[in-house]
Amino acid sequence: MWIYEKKLQYPVRVSTCNPMLAKFLIEQYGGADGELAAALRYLNQRYTIPDKVIGLLTDIGTEEFAHLEMIATMVYKLTKDATPEQMKAAGLGAHYANHEKALYYENAGGVPWTATYIQAKGDPIADLYEDIAAEEKARATYQWIINMSDDPDINDSLRFLREREIIHAQRFREAVEILKDEQGKKKIF
């Protein structure tokens, strides 16, 4: 189904080692509104979504994995030269004790990722509204991380990701309208 291209969807550059910024970015790695939850949510929901919009969930779910790869790259680059003392000072002491600098699906508070982050009601309209909300929450989180960051290189990549969240929300809104139109049509057998 997928063809892996050995490059990131958008370049990721880091100005300096910054474990504190990495801690904030971990929210988008393994948090409730992060990229992993989004990818799994959309790729799961596509099994109960009408054919008219199934491709949209496949496309966006796949793209979310590309975003997950970008976040992983950012976190790695921000922490690869960090000392244990810097990790501890950034609030990543427990993470370092458990995983050293390995990526781990958790949120910025250190709470492990859970499948309860994924919603699937089985009602296409309800699921798409859930997806719109997820994209808007991710957009807001990216903006807040940008607000806290003083790294222009990271901010460039974060702005790209924030804009993709906006596009995804728009596409899900379009899908809702498509399905609403379908509900209103008379069916003749």
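**Entry 1: helix packing**

I first looked up helix α2 (residues 35-45) against α6, and found that they pack at an angle of about 165 degrees with their axes 11 Å apart. That angle makes α2 roughly antiparallel to α6, since angles over 145 degrees count as roughly antiparallel, those under 35 as roughly parallel, 65 to 115 as roughly perpendicular and the rest as oblique. The axes here are lines fitted to C-alpha atoms, for helices over the stretch in contact, and the angles run from 0 to 180 degrees between N-to-C directions. I noted the crossing of α2 past α6 as left-handed; a crossing has that hand if the near helix is turned anticlockwise from the far one by less than a right angle, and is right-handed if clockwise.

Before going on I wrote down the terms of the work: this is a predicted model, in which local features need pLDDT of at least 70 and side-chain atom pairs count only at pLDDT 80 or more, while totals for chains, interfaces and linings use all residues. Residues are numbered from 1 along each chain as its sequence is written, and side-chain values use heavy atoms, with hydrogens and water left out.

Next I took α2 with α3, which pack at an angle of about 160 degrees with their axes 8 Å apart. That makes α2 roughly antiparallel to α3 as well, and the crossing of α2 and α3 is left-handed.

For helix α3 (residues 51-79) and α6, I found that the axes come within 14 Å and cross at roughly 25 degrees. α3 and α6 are therefore roughly parallel to each other, and their crossing is left-handed.

**Entry 2: the chain as a whole**

I counted elements next: the chain has 7 helices and 0 strands, where helices (H or I, at least four residues) and strands (E, at least two) are DSSP runs numbered from the N terminus. The C-alpha atoms fill a box of roughly 70 × 30 × 30 Å, taken along the principal axes. Of the 189 residues, 43% count as buried, a word that means under 20% relative accessible area, with exposed over 50% and partly exposed in between (1.4 Å probe, protein chains only).

**Entry 3: how covered is α2?**

How many of the residues of α2 are buried? I found 9 of its 11, so I recorded the helix as mostly covered. The buried residues include Leu 36, Ala 38, Arg 41 and Tyr 42. Asn 44 also has its place in α2, but is partly exposed, with a relative accessible area of 41%. From Asn 44 I looked across to Leu 57, which is 13 residues away in sequence and 8.8 Å away in space, C-alpha to C-alpha.

**Entry 4: α6 and its N-terminal end**

I checked the length of α6 (residues 124-148): at 1.5 Å a residue its 25 residues should span 36 Å, and the end C-alpha atoms are 36 Å apart, which agrees. The expected span is 1.5 Å times one less than the number of residues. The N-terminal end of α6 is capped by Asp 123, a side-chain oxygen of which lies 3.2 Å from the backbone nitrogen of Ile 125.

**Entry 5: aromatic pairs**

A search of the whole structure gave me 4 aromatic pairs, counted for rings of Phe, Tyr and Trp (its six-membered ring) with centres within 6.5 Å; planes under 30 degrees apart count as stacked, over 60 as edge-to-face and the rest as tilted. Tyr 29 lies in helix α1 (residues 19-30) and Tyr 105 in the loop between α5 (93-99) and α6, so the pair ties together parts that are 76 residues apart in sequence. Tyr 29 is buried at 7% relative accessible area, whereas Tyr 105, at 34%, counts as partly exposed.

**Entry 6: other residues looked up**

Glu 100, in the loop between α5 and α6, has a positive phi of about 55 degrees although it is not a glycine. Most residues other than glycine have a negative phi. Glu 100 is partly exposed, with a relative accessible area of 43%.

Val 53 is found in α3 and counts as buried at 3% relative accessibility. The C-alpha atoms of Val 53 and Ile 178 are separated by 8.1 Å, although the two residues are 125 apart along the chain.

Technical notes
A polar contact is a pair of N or O atoms within 3.5 Å; within protein, one must be able to donate a hydrogen and the other to accept it, and residues adjacent in sequence count only if both atoms are side-chain atoms.
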